[in-house]
Each structure stands twice: as C-alpha cells, then as structure tokens.
Amino acid sequence: MRVVVLVKSIPDPSGEVKLGPDFLVERDGEGALDPGDEFPIEAALSIAQTDDGEVTVVSMGPPQAASAIRRALAMGAHDAVLVTDDALRGADALATARVLSAAVARSSFDLVLAGVESTDGSTGTVPMAVAELLGVPSATFARKVEVVGGVARIERQTEAGYDIVECPLPLLVTVTASAAEPRFPTLKGIMSARQKPVVELSLADIELSLSDVAPTQRVTNVEPGPERGGGEVIGADADAAARIADLLAEAKVL
C-alpha cells in the first residue's frame, strides 16, 4: 500500500510572521513543518506498518521547505517530493491544489492523507480540491483511519461524537488534531532522514504551465485588527435578565 501525506512548511511558529511589500508572507527562513501535518503523518505511518506499505510526503514551497520535510522523514516516512518553483510565490489555494494533485498523480497511490487546514493560510479547502482534481472521493475530519480489505474506515469527528464512514480506496482523508498523538523523531530517525530521498520538481516536471498556477486572488492591503474593547458588566438588578437576553440576541445566539 502506498500512502501519500500532503505537508506544508510554514514560518517558525515561535517567531514573527513578516509580510513583504507585496503583502505575501516572507519565507526566507528555514521554516517548520506545520504542526497539524504531524497527525496525518502519524496516521499514515500506522496504516503503513499494518499493511506493509510505504509513506511518501508531498509538499510545495521554496527550496528551504526541504528542512520541514526532513522532520516527516525523521518520524518514519520513506521518501518525499517537493515541488519548488519561483513562479509559485503567491499561489492561492486552487493553484496549490493543482500543483499537489499533479505531484501525487505522478505515481500510483492508495490513500492520500492531509491535515484539516494549514496553520498559516487556514483556508481548509486545499485537500478537497486535491481530491476533486485526482478524481477520488474525500472524507473529512477523521479522528481515526483504518484500512481493511481495500476499504477505509473513518471515525469522522462531529459535535455529538463521531460517525463511522467507510469508503473503498483510493481516496483522500483529512485528519484532525484529535487523532493519535504523533510520535517524536528519535535520534536514529533524524540521522536516517538525511539519507532518505527528497525529489525536487519544477512546474515543468509536473507538466503544469504558468497559466495553470496563476493566482485568481491577491492581497491588496493589510491593516491591524481592531483592539478588543472592554466587556460590559451587568449588575444583579431587575433588568439584568432582559439585558443578557438582548446581548445574546445581538450575538445571534438566541
């Protein structure tokens, strides 16, 4: 079984995110693996161990994103693919999905796993767009993924608990942060990650043109969000209940 995990390199979560004059995030630093991607990586490794499979991580980003990919390899992934091209700076969610799906489709696969959304972009739309472009079904918000007899069984997290969803392979599944706790890379894993292959591809390698990845959205201005004002203190008088009801109605809770 071949399991593919979509991962992303993001700016250092402990640092300050900086925007360039074009209002795009500066990604000159080494960056880090998106913490949300560790959960689908863990799920993929567990499935691969059960079914004697292999895990490939696929990413898009600048060349320095390879350092973030190395963490996935240190966790146990077998190899990696990084699509990097200067033309991809400023790519929106649709362009990203086109690149990732083209990279995944270069080889056969049984299962594609991804996080629910990236920490920096937070659109939550890329995985489903990738599934559509690959022509496979998608199952979302999985807290647990198992594969038995060519069928994936997913515990889909809901507000009331979870639903059981079953779907034949191949398919794409998004995995939540409530899934199994990701393993921590060991020293042996970190050392072996240096020897594992990371294939770097350009747009031409995945047979996409500049028009295929031209962004349809762009940021034209960025302003600081309004400061949070003080709350309203409601005294314990005869009008308190009515005032609380009014506030809840304004918040559209009632």
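Which residues in α1 are buried? Glu38, Phe39, Pro40, Ile41, Glu42, Ala43, Ala44, Leu45, Ile47 and Ala48 are the buried ones. Keep in mind that this is a predicted model.

## Helix α1

Let's start with the helix itself. α1 runs over residues 38-51, which makes 14 residues. From its first C-alpha to its last it reaches 20 Å, close to the 20 Å expected at 1.5 Å a residue. The helix is mostly covered, with ten of its 14 residues buried.

Just after α1 comes aspartate 52, which takes a positive phi of about 55 degrees.

As background, side chains of opposite charge can pair when their charged atoms come close.

Take glutamate 38 to begin with: it forms a salt bridge with arginine 71, and the closest N and O atoms are 2.8 Å apart. Glutamate 38 sits in helix α1 and arginine 71 in helix α2 (residues 66-75), so the pair ties together parts that are 33 residues apart in sequence. Buried means under 20% relative accessible area, so glutamate 38, at 15%, counts as buried. Arginine 71, at 29% relative accessibility, counts as partly exposed.

Glutamate 42 has a partner as well: it forms a salt bridge with arginine 183, with the closest N and O atoms 2.8 Å apart. This pair links distant parts of the chain, since glutamate 42 is in helix α1 while arginine 183 is in the loop between β10 (171-175) and α5 (187-193), 141 residues apart. Glutamate 42 counts as buried at 8% relative accessibility, and arginine 183 is partly exposed, with a relative accessible area of 26%.

Elsewhere, arginine 243 forms a salt bridge with glutamate 250, and here the closest N and O atoms are 3.9 Å apart. Salt bridges that share partners join Glu232, Arg243 and Glu250 into one network. Within it, arginine 243 counts as partly exposed at 28% relative accessibility, while glutamate 250 counts as exposed at 57%.

## Threonine 84 in its loop

Now for a spot in a loop. Threonine 84 is found between β5 (79-83) and α3 (93-104). Its relative accessibility is 16%, so threonine 84 counts as buried.

What does threonine 84 touch, not counting residues up to four places away in sequence? Its contacts are Gly61, Pro62, Pro63, Glu200, Leu201 and Ser202. With glycine 61 there is a polar detail too: a polar atom of the threonine 84 side chain lies 2.8 Å from the backbone oxygen of glycine 61.

Definitions and conventions
Residues are numbered from 1 along each chain as its sequence is written. This is a predicted model: local features need pLDDT of at least 70, side-chain atom pairs count only at pLDDT 80 or more; totals for chains, interfaces and linings use all residues. Side-chain values use heavy atoms; hydrogens and water are left out. Helices (H or I, at least four residues) and strands (E, at least two) are DSSP runs, numbered from the N terminus. Buried means under 20% relative accessible area, exposed over 50%, partly exposed in between (1.4 Å probe, protein chains only). A polar contact is a pair of N or O atoms within 3.5 Å; within protein, one must be able to donate a hydrogen and the other to accept it, and residues adjacent in sequence count only if both atoms are side-chain atoms. Contact means heavy atoms within 4.5 Å. The expected span of a helix is 1.5 Å times one less than its number of residues. A salt bridge is a side-chain nitrogen of Lys or Arg within 4 Å of a carboxyl oxygen of Asp or Glu.
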